[in-house]
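Take a look at the sequence and the 3D view before you read on.

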Amino acid sequence: MGLIAPAALALFLLAGPIVVLYLLKLRRERRPVSSLMLWPAARASLQANRPWQRFRWSWLLLLQLLILAALVLGSARPFRVETAQPTGRNVLVLDTSASMGAADVPPNRLEAAKREARGYLESLHPDDEVALVVGGRQARVLVNPTRDRELVRRALDAVRVTAEPSDLGELLRLAVGIAGGTGRGRVVLFSDGVVPNLPLGRLPVPLDFRPVGARGNNLGITAVQLRPGPGGDELFVRLDGSIPEAGRVLVRLLAGGRLLDAREVAVTPEGGGAAVFSGVPADEGVLEVVLDVNDDLGADNRVWVARSGRQTVRVLYQGRGNLFLERALGLIRGVELTRLAPDSPLPADRFDLYVFDGVAARVEGAGNWWWINPPAGTGPGFEVGPEVLFPEVTFFDPEHPLLRSVDLGGLALARTRAVTATAEWRVLATAGPTPILLARETEAGRQVVSAFNLQESDFPLQPGFPIFVANLVAWTARTGPASLAVYRPGDPVPVRVRPETTQLKVVRPDGSELTFEPRAEVFTFGQTDQLGVYTVVQLSGGQEVGRSLAAVNLLSPGESRTAPRSELPVVGSGAQEQPAETEVRRELWEVLALAALGLLLLEWWAFYRGIRVRLRLPRPFGGGRLGRA
Amino acid sequence: MRLRDTFGEALLGKLSRLRLAVRRARPGRQSGERRSTKKGRAIEFADFRRYAVGDDPRLIDWNVYARLEKLFVRLYQEEEDVTAHILIDASRSMDWGEPQKLGFALRLGAALGYIVLATADRLVVSTLRDDRVVPLTPPLRGKHYTLGLFRRLEAVEAGGTTRLNAALTAYAGRPQAPGPLVLISDLFAPEGFEAGLKALQGAGYEVTVCHVLAPQELEPDLTGDLELVDVETGDRREVTLTPADLDEYAENLRRWREGVAAWCLRRGINFIPLDTRIPLEELVFKELPRRGVLV
């Protein structure tokens, strides 16, 4: 036993004034009565304003002194030393991705998850540490490991649904980092399991998955693409989601709030649906695609397409020629293609994108480049090994900007090269253990390696190929897909800064404005957490010198498929370690506070009901003689 | 207080139709309307007895002699008066309450007194003060004493303490004809009253106790830190009155009254708890007849 704050014992001096109050005599109002026979005698005086009286024993005084003792001892924070096993660290992971806004569990899945998280919090031992990690695409630590439950509750209250797609891998990586440090951590995931990018495998800590969500009843717009057509632009709209049965829905196309066109689209549970609006006027401005459907998730029922002014993207192709690739590049608005023989040196002119197709590239001089089928040898940050025959794609990342709306699952490859890369390269697709598509960002630019020969695969024949090429041009050249600036929540939006621009003003969909001072040729802003149209105004000396638009849409097939999962293809591993016993101080102030409260109630009861001084009260019936009569 | 104002002609007329109930016959002083223990010459036949020398030959029943050839005399129930006693507690504790207990007791005493006088019975009215019984009137008989009785009652003032045992024992020892006795008191006697009542019963009195309490005693409205002063003894008691204390007082009062009532029942004493708020007419024409005090 010991005391953490022994100085508080000085408060025992308060016992003196309490006793003094009992020694003071109470002034009482004098009232005549016909007889004192039936009146109970007074209990001890509580108030005093008269001179001293002789000390009289009082149960109330005893109780009050006991209350004081309990409070003072509690203030001194007594503790006893115990040997105990340290308890675990619980990392609560809350999925805040867009699908958690589905209203199948009222008011929405996130609120249901928060309720469950609060319940889980209550069930924990007081000594358990709790951390809170939330996020969709980007994971954030809201509360570092703490025993302060109120802090966690307040943080939970503040959690809101984001418009981001979910990246469970990112969330779990962060959670494991927090939980795994002590060797006795535990990750508790509150999610609907609607995660397009599921990491596979085992976690190094136990995982407790608490699924939320009741059903999948949602249809959303998952892809849009604008491409030039003979009589105006063509807008391709893809619908997908979790719908219980086939049906027909109405898709409307608006420009500046005015209805341009409408299509009734047949949708099926398996394949979703698609609509093509042709003859869309090629004017600059915002197109809005609205899906008229009553479903659980509203965030994916509306998509904006911002068409900015034309930009020229200069692309240099060096290789033996690839008809499909050149055709795909030619479809992209604003692309200016230059071809170069395989053994020719790079021209001095600067290009926005260099495409090296099966050649030993000299990439040092290039900024943004795409190296297709690099020959065996060593590249910047990667090494190309022997060929692998008939590889099968086992993983691809559909959330990466390069692979949006691109399905590599059915890709057939004749051969690829075994590539090993450093950690700066992000693997976007693998065939078994071998990466087949990698990307990285450096100060020089954005760079992509595809380890297989396009002409030895059916990729160019797939519908996703032109989309992939468009994505690649947009991502590497930081322009947005040519004239179509469509981003996802959280995507950085690049802005080409005019030489005369001194200030950039970004107006967000909710009307809030952000102001920046650009210092580079390409400025990137990342506060794109709201769905809608962002307006970027370039100012020079207060005068507007340029204006561009960027639309941020959910466009996530994974999020639109809101059918909840009850299991995840990721498992935790390992029982929590039994740590060695350590000495811990267990504080006892709660017991003393409770004792003080109990004594206070007893004192109240004693004052009003319980303890009476009967000695001076004459017994009824004439002093007891009646009883003997 | 003017009792003459309280008792108008109409009320007195209604009162004269009531009689004080007497539970057993007892010898009287003058012939009256009550059955006496004496047998003699009256209307109501009582028994036969063998003739003895000295008996009035006029009482011999000749029809019996003709049938039995033996001399029997007829005995008749003698009707005489009874002496009713009214004792009024006039201690200082009775000078309390609203309506005041003593005033209530005097009005009750006046009503009972008039009823007795109106029925050709003898009436003795006394007050109790300290350990003494102060006779208020000599034994009275006849309605014409009504005014005098009222005047004496109006002159009563409260004073002294209550020592019922001593006063009642002294009254029981007086050489006077016992009869129905009505004690009107609040019974606030620290030394008790049981011995006095037993002495009265031993002397042949038929005791009725009218226990008078004021509303302020039945439902006191006191609260807070008080020093209670006994108006009779001057004793003081410090109290901190809470609702719980008032509950305890009510419980004490209830237990006390029930205890006294049970004791009186065992002793054959008619115990009547009264509240000074009861109107006189309701008391006399409903409550007391219901309790068997008046018929």
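Here is a quick tour, from confidence to helices, cores and a sheet.

This is a predicted model, where local features need a pLDDT of at least 70, side-chain atom pairs count only at pLDDT 80 or more, and totals for chains, interfaces and linings use all residues. Residues are numbered from 1 along each chain as its sequence is written, while chains are lettered from A and ligands numbered from 1 in the order in which they are written.

**Confidence**
- For the complex, the predictor gives an ipTM of 0.78 and a pTM of 0.46.

**Chain A overall**
- Chain A has eleven helices and 38 strands; these are DSSP runs numbered from the N terminus, with helices being H or I of at least four residues and strands being E of at least two.
- Of the 629 residues in chain A, 40% are buried, where buried means that 20 or more other C-beta atoms, placed from the backbone, lie within 10 Å of the residue's own.
- Take the contacts in chain A (C-beta atoms, placed from the backbone, within 7 Å) between residues at least 6 apart in sequence: 71% of them join residues at least 24 apart.

**Helix α7 of chain A**
- α7(A) covers residues 464-477, and its 14 residues reach 20 Å from first C-alpha to last, close to the expected 20 Å (1.5 Å times one less than the number of residues).
- Eleven of the 14 residues in α7(A) are buried, including Phe468(A), Leu472(A) and Trp475(A).

**Nonpolar cores**
- A nonpolar core is a set of buried Ala, Val, Leu, Ile, Met, Phe, Trp, Tyr and Cys residues joined through C-beta atoms within 7 Å.
- The largest one holds 80 residues, and Leu92(A) and Val133(A) are among those touching the most other members.
- Helix α5 of chain A (residues 168-179) gives the most to this core, with eight residues.
- A second, separate core of 75 residues includes Met37(A) and Leu123(B).

**A sheet with strands from chains A and B**
- Three strands form an open, mixed sheet in the order β3(A)-β9(B)-β10(B); strands pair if DSSP finds at least two bridges between them.
- β3 of chain A and β10 of chain B stand at the edges, each with a single partner strand, so one side of each has no neighbour in the sheet.
- β9(B) and β10(B) pair in the antiparallel sense over six bridges, and Gly224(B) stands opposite Leu241(B) in β10(B).

Methods. Buried ≥ 20, exposed ≤ 12 C-beta atoms within 10 Å, placed from the backbone. Contact = placed C-beta atoms within 7 Å.
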